[in-house]
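Subject: Structure handover and findings

Dear colleague,

Please find below the structure for your review.

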Amino acid sequence: IPGGGFRPQVKEKFAAEAQRLAEAGFAAASISYRGTPEHGFLDTIHNTKAAVRFLRANAARFNIDPDLIGAFGQSAGGHLAGMLAVSGGVATLEGDGGNTDVSSRVQAAVTFAGPFDFISRLGPEGHQRVRLEERRERIGNWLGGPLSENNAAWKLGSPYYHVSEDDPPMLLVHCKDDESVPYQQSIQMFDAIKVLRPESRLLLFEKGGHGIRGSSLVGDEAW
């Protein structure tokens with residue numbers, strides 16, 4: 001799932017990543033989704049869930065195992081991969097994009113530089129220190145309202161608040177010098193998921209910024 005500030009994305013953007021996964025032995029599909037300013041967070045999430053349902057409904061056609069579907073995404077795509085992992089069965093987030101009788105659950109998720117709790121990220125004492133007001137405005141437009149701990153959409157659109165005992169394991173990857181999405185977001189999400197799925201992992205790099213190119217990643221800590 002490609003990133004891009006929750007703006008509309010096309011599947012071709014992550015074609016190279018899908019190709020690398022395919023070369024490593026995975027069946028890989030890159031997806032498109034709607035986004036701001038024309039579409040809000042429910043439309044975006046509905047698209048990702050519809051994509052999973054489509055793959056599962058057509059598993060025989062594509063010769064894939066419908067019980068072994070994972071999600072991978074970077075930045076906004078990391079958020080959406082995380083949302084797929086933790087929000088299975090949340091009716092409001094499912095949408096009606098076809099194959100509604102098929103589950104949108106995934107069996108694993110890998111996130112790179114994803115935001116998981118918009119309130120802890122953008123609140124008065126939050127993790128975000130760079131371009132704070134710009135981020136608040138952009139996320140507020142996507143979620144449909146200004147930042148508020150009492151705004152239900154800010155929690156509904158944050159994977160952190162959906163963590164439950166039936167979630168799959170996650171691998172969270174982040175760089176400490178990421179100025180777009182603070183790495184504390186991945187720590188917070190990992191602390192929540194590891195209690196229920198101890199096989200989950202957090203991988204932090206000292207340097208590498210907001211990118212996903214392995215050659216730029218320097219120093220790592222794993223939990």
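A salt bridge is counted here when a side-chain nitrogen of Lys or Arg lies within 4 Å of a carboxyl oxygen of Asp or Glu. By this rule the structure holds 12 salt bridges.

The basis of the values is as follows. This is a predicted model, in which local features need pLDDT of at least 70 and side-chain atom pairs count only at pLDDT 80 or more, while totals for chains, interfaces and linings use all residues. Residues are numbered from 1 along each chain as its sequence is written, and side-chain values use heavy atoms, with hydrogens and water left out.

Salt bridges

Side chains of opposite charge can pair when their charged atoms come close. One of the pairs is Lys49 with Glu94, whose closest N and O atoms are 3.3 Å apart. Lys49 belongs to helix H2 and Glu94 to helix H5 (residues 91–94), so this pair ties together parts that are 45 residues apart in sequence. Helices (H or I, at least four residues) and strands (E, at least two) are DSSP runs, numbered from the N terminus. Lys49 and Glu94 are both buried; buried means under 20% relative accessible area, exposed over 50%, and partly exposed in between, with a 1.4 Å probe and protein chains only.

Helix H7 supplies two further pairs. Arg136 and Glu133 form a salt bridge with their closest N and O atoms 3.0 Å apart. They are 3 residues apart in helix H7, and are therefore separated by about one helical turn. Glu133 is exposed, at a relative accessible area of 52%. Arg138 and Glu134 meet in a salt bridge at 3.4 Å, N to O, and these two residues are 4 residues apart in helix H7, about one turn of the helix. Elsewhere, salt bridges that share partners join Lys49, Arg53 and Glu94 into one network.

Pockets

Rolling a probe the size of a water molecule over the atoms shows where empty space is left. A pocket is found on a 1 Å grid over the protein atoms alone, as an open set of points where a 1.4 Å probe fits, with protein on both sides within 12 Å along at least five of seven lines; lining residues have an atom within 4 Å of a point. Grid points are joined across faces, edges and corners, and a volume is the space filled by probe spheres set on the points.

The largest pocket has a volume of about 1,100 Å³. It is lined by 33 residues, of which Leu21, Ala27, Ala28, Gly70 and Phe72 are the closest to its centre. Two or more lining residues come from each of helix H1 (15–23), helix H2 (41–57), strand S1 (70–74) and strand S2 (108–112), and the largest share, 5 residues, comes from H2. By class, this lining has 25 nonpolar, 4 polar and 4 charged residues. Here Ala, Val, Leu, Ile, Met, Phe, Trp, Tyr, Cys and Pro count as nonpolar, Asp, Glu, Lys and Arg as charged, and the others, Gly among them, as polar.

Of its 15 lining residues, the closest to its centre are Gly5, Ser75, Arg135, Arg138 and His210. Helix H7 (residues 132–143) gives the most to this lining, with 3 residues. The lining of the second largest pocket divides into 5 nonpolar, 7 polar and 3 charged residues.

Individual residues

Ser158 sits in the loop between helix H8 (152–156) and strand S3 (170–175) and is buried, at 0% relative accessibility. Its side chain reaches the backbone nitrogen of Phe118 at 3.2 Å. Beyond its neighbours within four places in sequence, Ser158 is in contact (heavy atoms within 4.5 Å) with His79, Met83, Phe116, Asp117 and Phe118.

Val86 lies in helix H4 (residues 76–86) and is buried, at 3% relative accessibility. Residues up to four places away in sequence aside, Val86 touches Pro159, His162, Val163, Asp167, Met170, Met189 and Ile193.

Ser30 is located in the loop between H1 and H2. A polar atom of the Ser30 side chain lies 2.6 Å from the backbone oxygen of Lys11.

Yours sincerely

How values were computed: Polar contact = N/O pair within 3.5 Å; in protein donor to acceptor, adjacent residues only side chain to side chain.
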